[in-house]
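Thanks, everyone. Please look at the model on the screen, and I will walk you through a few features.

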Amino acid sequence: MISLTVNGKAYKADVAPDTPLLWVLRDTLGLTGTKYGCGIAQCGACTVHVNGEPVRSCTAPVAQAAGKKVTTIEGLARDGSHPLQKAWIAEEVPQCGYCQSGQIMSAAALLAKNKSPSDADIDRAMSGNICRCGTYNRIRKAIHAAAATMRR
């Protein structure tokens with residue numbers, strides 16, 4: 001039995017310790033906002049935070065998250081009120097939407113450490129997140145907008 005704290009709530013999961021965190025979040029806990037993309041930690045669609053750090057949940061064993069704080073896209077703000085979620089909508093970032101939860105989680109990790117990121121900071125932080133629709137310019141614009149909101 002693995003004990004997890006996800007989005008501030010305690011859970012126990014009866015899974016093998018090497019089960020990918022993604023499958024525990026989606027299949028065991030029903031938190032389906034985190035997406036499966038490539039399965040080899042290359043696209044970033046499955047990004048969540050473990051103790052505030054972005055982690056590719058498709059390859060991270062659930063045992064690695066035991067006793068730590070896991071945050072998924074559902075944990076940012078259930079009502080969509082997080083500045084990044086609002087900026088994503090305002091800048092019309094989503095196209096197909098599949099990579100968006102991972103993109104937002106990587107951006108949230110960036111803004112938690114850097115309240116005024118430059119374009120280069122954003123590009124570096126987001127380089128592991130792939131968007132097949134090519135919305136990178138809108139993503140950068142939304143991150144700048146969210147950063148401005150968060151500084152107020």
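Helices here are DSSP runs of H or I with at least four residues, strands are E runs of at least two, and both are numbered from the N terminus. This is a predicted model: local features need pLDDT of at least 70, side-chain atom pairs count only at pLDDT 80 or more, and totals for chains, interfaces and linings use all residues. Residues are numbered from 1 along each chain as its sequence is written, and side-chain values use heavy atoms, without hydrogens or water.

Start with helix 1, residues 21-28, which holds Trp 23. Trp 23 is partly exposed because its relative accessibility is 31%; buried means under 20%, exposed over 50%, partly exposed in between, with a 1.4 Å probe and protein chains only.

Now the salt bridges. The cut-off is a Lys or Arg side-chain nitrogen within 4 Å of a carboxyl oxygen of Asp or Glu. The count is five. Glu 53 and Lys 113 form one of them, at 2.6 Å, N to O. This pair links distant parts of the chain: Glu 53 sits in strand 4 (residues 53-56) and Lys 113 in helix 4 (residues 100-113), 60 residues apart. Lys 113 counts as exposed, at 61%. Glu 53 is partly exposed, at 36%.

Which residues make a network of salt bridges? Asp 119, Asp 123 and Arg 140 do. Arg 140 meets Asp 119 at 4.0 Å, N to O. Arg 140 is in helix 6 (residues 136-151) and Asp 119 in helix 5 (residues 119-126), so the pair ties together parts 21 residues apart in sequence. Between Arg 140 and Asp 123, the closest N and O atoms are 3.0 Å apart.
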